[in-house]
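Q: Could you take me through the aromatic ring pairs in this one, with geometry and burial?

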Amino acid sequence: MADPITVNTSDLDIARAREAFLGGFFGALDAKRPTAWVQYGYPVDISFDKLLGAYERGGAAFGAVHRLLDKCWEQPPRIKRPEEDEEGAWEKKVGKTLKPLQLFKKLRDFDRRNLIGRFAGLIYRVKDSKDLDQPLARATALVDVIPVFVSQLKVTKWVDDQQAEDFGQPAMYQYRSRPPQTDDTQAQPEKWVDVHPSRVQILAEGSVGNMFDGVPLLRAGFNALVDLEKITGGSAESFLKNSARAVTIEFDPTASPQVLTQNPDGTQSTKSVKEVVQSQVDRLNRNIDSAIVTQGGKAGVLQTTISDPTGPFETAANVFACSVQIPFTILFGQQTGRLASDQDQRDFIARCKSRQQVELTPMLEEFVTRMQACGVIDPGEFEIEWPDLGAPTDEQRLANAKAMADITKTLFDAGSVVQVFQENEIRKAAGYEEYDDAELQQMEDDARAEEEEAAKRALADQLARDEAAAKAKGGAGAKQPPAA
């Protein structure tokens with residue numbers, strides 16, 4: 001029996017089929033206009049080259065990447081033992097191994113490349129006397145780590161054994177040493193080198209296992225970036241054209257502009273009126289002391305009203321800020337000089353903290369675990385500890401400590417017998433080290449001894465004053481003359 005043929009039963013079905021077909025080629029969210037993106041000038045396919053171009057030449061894209069990157073890596077994290085608050089022997093040894101390589105600086109660049117593209121790669125170079133295409137087993141030292149863009153790394157072979165634990169994963173990579181979009185290569189060879197997956201680490205933000213599921217930071221707001229370029233570029237171009245002297249010549253109906261084409265001796269030249277006038281206008285625009293002869297014409301300047309781009313720019317900028325989940329006031333600042341609100345600051349810090357825990361901590365844990373597996377780092381449990389991004393500044397700490405001290409004094413003056421905040425609590429709030437028990441006891445003893453000494457001095461002073469007063473009184477009574 002032949003397969004049944006499905007026929008569209010209405011014009012609506014045909015229209016929908018056509019829209020779906022065209023939408024696959026041109027792209028649009030508007031069902032009524034399947035070619036809307038083409039009409040708006042938006043690219044349908046956003047390649048890595050477009051994302052990299054937006055980052056390198058667009059202020060908004062560059063700012064979004066580095067606002068997020070710089071805040072997340074504001075201070076390097078600690079790689080430490082779970083039970084150690086102070087730096088221990090294992091942590092010192094790890095730092096001694098990684099510090100000469102400037103590891104955190106290179107991991108930060110690894111993250112930067114991940115933010116721009118769908119994913120980024122990190123290639124391990126170790127001392128194991130093997131080529132890069134050989135599996136990494138044991139090594140005596142870590143020589144270097146090389147962060148690469150997505151365009152510098154491609155998969156050449158996949159694991160197709162369904163019984164293997166790494167089924168569906170890359171079995172071999174190729175690494176391109178020349179970076180993308182480099183104008184001056186200094187004759188650097190264009191060479192692709194095979195690299196075994198055990199020597200490659202992938203960071204694909206937003207992915208849960210498949211590196212091709214990574215989500216570039218700039219992709220969702222790319223249309224808004226195009227709008228921002230149109231608005232800023234169009235506004236600059238209109239300003240330039242309006243500020244330039246676009247001279248217009250309006251000839252009187254009775255004028256004879258052909259006279260302008262005559263030579264100084266009165267003979268006719270080969271130039272037309274348009275060519276002569278254009279030559280005079282060019283000299284006028286190039287020089288500050290030139291004149292123009294109109295021969296019965298009236299010279300003027302063509303001027304237009306320039307539209308204010310503030311409103312459209314802020315609309316597109318807000319859309320882009322929303323796509324990268326960074327508050328507008330954080331990403332673009334305030335033209336009035338007002339700082340970002342406390343709520344915007346809290347939202348941005350929460351965004352960065354979440355990213356540290358969800359994306360960057362697993363990346364660091366994978367790196368340390370793989371270095372432990374090959375013998376570069378000593379085995380053992382570890383954890384990643386990030387500095388507090390929301391920690392108060394020195395001014396805020398001192399203001400908090402002053403507020404605590406004022407509260408304690410106010411309650412004490414009101415008759416409270418309980419000290420609300422202890423000295424160590426106030427010192428901790430101010431960012432200083434706390435006193436230990438011996439120091440506190442010594443301070444209390446010194447204060448008590450000083451109070452007792454002050455009381456003794458006050459008593460002695462009072463006795464001295466009383467004695468002096470008594471002597472003065474007795475002496476005055478002895479010198480009084482007898483009554484008449």
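A: Let's start with Trp-386, which is buried at a relative accessible area of 10% (buried is under 20%, exposed over 50%, partly exposed in between, with a 1.4 Å probe and protein chains only). One caveat before going on: this is a predicted model, where local features need pLDDT of at least 70 and side-chain atom pairs count only at pLDDT 80 or more, while totals for chains, interfaces and linings use all residues. Numbering runs from 1 along each chain as its sequence is written, and side-chain values use heavy atoms, leaving out hydrogens and water.

Searching the whole structure turns up ten aromatic pairs; to pair, rings of Phe, Tyr and Trp (its six-membered ring) need centres within 6.5 Å, and planes under 30 degrees apart are stacked, over 60 edge-to-face, the rest tilted. Trp-386 pairs with Trp-73: the centres are 5.4 Å apart and the planes at 75 degrees, so this one is edge-to-face. The two sit 313 residues apart, Trp-73 in the loop between helix H4 (59-72) and strand S1 (78-80), Trp-386 in the loop between strand S10 (383-385) and helix H12 (394-413) (helices are DSSP runs of H or I, at least four residues, strands runs of E, at least two, numbered from the N terminus). Trp-73 is buried too, at 8% relative accessibility.

Phe-119 and Phe-212 make another edge-to-face pair, 5.8 Å centre to centre with 90 degrees between the planes. They are 93 residues apart in the chain. Phe-119 is buried at 3% relative accessibility, whereas Phe-212 is partly exposed at 38%. Ring pairs also bring in Trp-158, giving a cluster of Phe-119, Trp-158 and Phe-212.
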